[in-house]
Amino acid sequence: MQIPFVKFQGTGNDFVMIDKSQLSRKLTDIEIQTFCDRHFGVGSDGLIIVGASEKAEVDFEMDFYNPDASKSFCGNGSRCAVKFAQSLGLIDSTCIFEAIDGLHTGSIEDNRVSILMRPTSTFQAISSSEYFVHTGSPHHILWTSGVVDFDLIAHGREVRYSETYKPGGTNVNIAEQLEGNVILMRTYERGVEDETLSCGTGVTAVALAAAHKFKIENEVIVKTKGGELQVSFQTEDFNSFEDIYLKGPAERVFEGVFNF
């Protein structure tokens, strides 16, 4: 089977994009894992299948798969999917799309894509330095200093596989405040089982935790290894958040055909 694909990246998070109309059957877990493998496949932080929706109010549907073939919501992947859907002629500059966690709106302005995140279902300040926030995917956050030199892999694996988060596990983030509303962070992603250059749901989780911890209103700027993202929101008490938007660049990298 020959499968055309397009590679996209959003602040260093890279994704294999597939037009659902080009698939003759559902991909197997092994095929998804092979696609994402950086040695034997295309290589990516996830695979996304985009297709037109049968629902009148929805412009397109997206299925996101982690490199281990598990499914979840992906913030940066969704932003790239919006850009891909535009290239397929499914949308213009605004849209409504359906992901695993429900409906989202998206918009494109130049090379920047903004998506409306779902309301945060779980927001917990575990301690003054630790948070748990669910932004479509679960995220544990540790506030610390020296984020650049921190041993994220060891810490990430310890927390990800801890009894607290069994059986599904969690993504793990470390973060520190640089100044005002500017945050530096790194992410260990479950499913990838390694550090990624960026993570949209993680950035959103850290931004909301920063708003709570540092009493930041309206917008948080988050710096990752792969680039900078903005999270805007509305809050009255710094405990609950509405109108949460994740915004940043999304770029087409290359395209090709993969043979199975």
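**Close-up views of salt bridges, voids and backbone features**

**View 1. A salt bridge joins K225 and E195.** The side chains of K225 and E195 form a salt bridge with an N to O distance of 3.3 Å, the term denoting a side-chain nitrogen of Lys or Arg within 4 Å of a carboxyl oxygen of Asp or Glu. Because K225 lies in the loop between strand 14 (219–224) and strand 15 (227–234) and E195 in strand 13, the pair ties together parts that are 30 residues apart in sequence. Strands (E, at least two residues) and helices (H or I, at least four) are DSSP runs, numbered from the N terminus. K225 is exposed, at a relative accessible area of 52%; exposed means over 50%, buried under 20%, and partly exposed in between, with a 1.4 Å probe and protein chains only. The model is predicted, so that local features need pLDDT of at least 70 and side-chain atom pairs count only at pLDDT 80 or more, whereas totals for chains, interfaces and linings use all residues. Residues are numbered from 1 along each chain as its sequence is written, and side-chain values use heavy atoms, with hydrogens and water left out.

View 2. The structure holds twelve salt bridges. One of them joins the side chains of E31 and R25 at 2.6 Å, N to O; E31 is buried, with a relative accessible area of 10%, while R25 is partly exposed at 37%. In another, the side chains of D63 and K71 meet at 3.5 Å, N to O. Both partners are partly exposed, D63 at 28% relative accessibility and K71 at 41%. A network of salt bridges links K7, D14, R38 and D45.

**View 3. The largest pocket is lined by residues including R25 and D63.** Its space amounts to about 150 Å³. A pocket is an open set of points on a 1 Å grid over the protein atoms alone, with protein on both sides within 12 Å along at least five of seven lines; a cavity is a set where a 1.4 Å probe fits but cannot get out, and lining residues have an atom within 4 Å of a point. Grid points are joined across faces, edges and corners, and the volume is the space filled by probe spheres set on the points. The lining also includes K20, L23, I49 and Y65, and its residues divide into five nonpolar, one polar and four charged.

**View 4. One cavity of 30 Å³ or more is counted.** The largest cavity holds about 90 Å³ of space. Of its 13 lining residues, N66, S72, F73, S137 and E189 lie nearest the centre.

**View 5. R190 is buried without a salt bridge.** This residue is found in the loop between strand 12 (182–189) and strand 13 (194–196). The nearest side chain of opposite charge, E193, is 7.3 Å away. The R190 side chain reaches the backbone oxygen of G168 at 3.1 Å and that of G169 at 3.4 Å.

**View 6. Backbone geometry is shown at P167, A69 and D243.** The peptide bond from K166 to P167 is cis, with omega near 5°, and P167 is found in the loop between helix 3 (152–160) and strand 11 (171–179). A69, a residue other than glycine, has a positive phi near 80°. A69 is found in the loop between strand 4 (60–65) and helix 2 (75–87) and is buried, with a relative accessible area of 10%. D243 has a positive phi near 50°; it is found in strand 16 (residues 242–249) and is partly exposed at 45%.

Methods. Nonpolar A, V, L, I, M, F, W, Y, C, P; charged D, E, K, R; others polar. Lys, Arg positive; Asp, Glu negative; His and termini not counted. Polar contact = N/O pair within 3.5 Å; in protein donor to acceptor, adjacent residues only side chain to side chain.
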